[in-house]
Amino acid sequence: MSIKPKILITSAAGKTGLQTALQLLEKGYPVQAFVRRDDHRARRLEEAGAELFLGDQFALADMRRAMKGIQRAYHCAPTAPNGLHFGAVFAIAAQENRIEHVVTLSQWLSHSDHPSVYTREVWLNDAILNLLPDTTVTVNNVGWFADNYFMVLEPAAQLGLLTMPLGDGDVKGNAPPSTEDIAAVSVGALIDPATHAGKIYRPTGPALLSPNDIAAVLSTVLGRKVKYQNISESMFLKALTALQPPGFTEATLTQLRLYTEEYRRGAFAVSAPTDAVQVVSGREPEDFETIARRYAASRPEAVRTSTNKLRAMRNFIRILATAKPDPDRIEKKLNHVLLESPTFVGESAEWRRCHQSGTEAAFDTPRQSPDEGVAPVRAVN
Ligand SMILES: NC(=O)c1ccc[n+]([C@@H]2O[C@H](COP(=O)([O-])OP(=O)(O)OC[C@H]3O[C@@H](n4cnc5c(N)ncnc54)[C@H](OP(=O)(O)O)[C@@H]3O)[C@@H](O)[C@H]2O)c1
C-alpha cells in the first residue's frame with residue numbers, strides 16, 4: 001500500500017487555499033490546513049478531513065511547527081502587505097524541513113520592476129523558492145481571477161450595472177479562470193511533482209471575454225439586463241473605500257488600481273486562453289456562465305428583493321459621497337518600497353520575452369543548479 005505524502009496548505013481559509021485543500025482531501029491526500037481563525041471555513045476543512053493548524057503564517061515559529069512531518073506544500077501569500085515576509089518565513093521553514101515539492105501561487109504580472117510592490121514581492125518570493133536546494137517548485141502563474149468580477153455582483157443583480165474600470169467594453173481582455181480550476185492546477189502539480197516540477201502553468205478559462213461579454217453572461221444568469229459601465233479609477237477607489245470588500249485594506253487599494261491599469265493595457269489578454277487546466281488537472285476549464293451560476297446561487301446579494309435593491313441604492317449614494325482616496329499619498333504613508341522607474345508588463349522587454357505566445361518561455365528568475373550553475377526554469381503554458 002502506498003503512503004500518500006502529507007501536504008501543507010497555507011492561506012487555507014482563502015479562495016484558492018480552501019479549494020486546493022478540499023480537492024486534495026477528495027483525492028485521499030492527508031492535508032494540514034493553515035488557518036488563523038477557528039470559523040466556519042475551518043469547520044468545513046475539518047469536516048472534509050483536514051488537520052487544522054491554527055496560527056500566524058507570518059510567524060516563523062508557527063510555520064516551523066506547521067511544516068513538521070510535511071512532505072509537500074502550497075505557498076499562497078495573502079493579497080496583503082508583507083508578502084515577502086511570508087515568503088521568507090515559508091522558505092526558511094521549508095528548507096529546515098526538507099520539503100520535497102512546493103506549488104506557489106504566483107502572478108501572471110510578476111516581474112521585478114513592476115509598479116506594484118505586491119507584485120514585486122511575488123517575483124522575489126518565486127526567486128527565493130527557486131534557490132532552495134532540496135525543494136522542487138511548480139509555479140501557478142495565474143492572472144485576473146473570475147472571482148474579481150463578483151466584487152460588483154450587488155450592483156449587477158440589483159441595479160443591472162457591471163461597474164468596473166476595465167476600459168472599452170468590446171475589448172476581449174481576459175479569459176477568467178474559476179477558483180476551482182486555479183486550485184485544480186495546483187493540486188495536479190502537488191500530487192505529481194515528477195511531471196510538474198520546474199514548470200510554470202497559467203490557468204485560464206476557455207475563452208477571452210470582453211466586459212460586454214461578462215455583462216451578457218450575467219444578464220443570462222441573473223435573469224435581467226446587465227450593462228457594463230466603464231468607471232473611472234477615481235470612482236473605483238471611492239467604491240473600494242466606501243464598501244470595503246472582504247480583505248480590503250488601504251494598502252490593497254493602492255495595488256488594485258495598478259492591476260486594473262494592467263487590465264486596461266491588455267496584459268491579461270496576452271497568450272490567453274491556455275490549455276493549462278486541461279493539461280495539469282485532466283478536466284476542461286469551467287466557462288464563465290458555469291462560474292457565474294455558482295456565485296449567483298450562493299451569494300445573498302444576488303437575490304432580487306426590494307430590501308436588497310434599497311441596500312444597493314444606498315451603497316451607490318455612499319460611494320458618490322465618499323472622498324476620493326489618494327493612492328500615491330497612501331503608498332508614501334505606508335512606506336511602500338517605490339521604484340524610480342517602474343514598468344508595467346507591456347513596457348518590459350524581459351516580461352514580453354517570457355510571456356508571449358508561441359514560445360516556450362523561460363522563467364526570468366535563475367534557478368541554482370550545482371552542475372550547470374544558473375539554469376532557467378522552463379515554462380510550458
Ligand atoms: N485575485 C486575483 O485576481 C489574483 C491574480 C493573480 C494572483 N493572485 C494571488 O493570489 C494570492 C492570494 O490568494 P487567494 O486569493 O487564494 O487568497 P485570499 O483569499 O486572499 O486568502 C488569504 C488567506 O490568508 C489568511 N491569512 C492572512 N493573514 C494570515 C496570517 N497571518 N496567518 C494565517 N492566515 C492568514 C486569510 O485569513 P482570513 O480569511 O481569516 O482573513 C485568508 O483566508 C496572492 O498572492 C495574489 O498575488 C491573485
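P273 sits in the loop between α11 (250–264) and α12 (276–281), with helices (H or I, at least four residues) and strands (E, at least two) taken as DSSP runs numbered from the N terminus. A cis peptide bond with omega of about 0° joins A272 and P273. This is a predicted model, in which local features need pLDDT of at least 70 and side-chain atom pairs count only at pLDDT 80 or more, while totals for chains, interfaces and linings use all residues. Residues are numbered from 1 along each chain as its sequence is written.

**Overall shape**

- The chain has 16 helices and 11 strands.
- Its C-alpha trace spans about 60 × 50 × 40 Å along the principal axes.
- The radius of gyration is 21 Å, which agrees with the value near 21 Å for a compact globule of 381 residues; the radius is taken over C-alpha atoms, and the globule rule is 2.2 Å times the number of residues to the power 0.38.
- Among contacts with a separation of 6 or more, 77% are between residues 24 or more positions apart; two residues are in contact if their C-beta atoms, placed from the backbone, lie within 7 Å.

**Two domains**

- The chain is divided into domain 1 (7–146 + 176–204 + 342–378) and domain 2 (148–174 + 206–270 + 299–333), with bounds from an automatic or database domain assignment.
- Taken over C-alpha atoms, the centres of domain 1 and domain 2 are 27 Å apart.
- Where they meet, 18 residues of domain 1 are in contact with 18 residues of domain 2.
- The side of domain 1 that touches domain 2 has 12 nonpolar, six polar and no charged residues; here Ala, Val, Leu, Ile, Met, Phe, Trp, Tyr, Cys and Pro count as nonpolar, Asp, Glu, Lys and Arg as charged, and the others, Gly among them, as polar.

**Packing inside**

- Buried residues make up 45% of the 381 residues in the chain; a residue is buried if 20 or more other C-beta atoms lie within 10 Å of its own, exposed if 12 or fewer, and partly exposed in between, with C-beta atoms placed from the backbone.
- The largest nonpolar core has 88 residues, and L8, I9, A12, A21, A33, L162 and L218 have the most contacts inside it; such a core is a set of buried Ala, Val, Leu, Ile, Met, Phe, Trp, Tyr and Cys residues joined through C-beta atoms within 7 Å.
- A second, separate core of five residues includes F236, L237, A239 and L240.
- Leaving aside neighbours within four places in sequence, I9 is in contact with G17, T20, A21, V31, A33, F34 and Y74.

**Around the ligand**

- Of the 25 residues around the ligand, S11, G14, T16, R36 and F145 come nearest; a residue counts as near if its C-beta atom, placed from the backbone, lies within 6 Å.
- This shell divides into 11 nonpolar, 10 polar and four charged residues.
- Helix α1 (residues 15–26) gives the most to the shell, with three residues.

**Backbone details worth a look**

- Most residues other than glycine have a negative phi, and most peptide bonds are trans.
- N335, in the loop between α15 (327–333) and α16 (349–355), has a positive phi of about 60° and counts as exposed, with 8 C-beta neighbours inside 10 Å.
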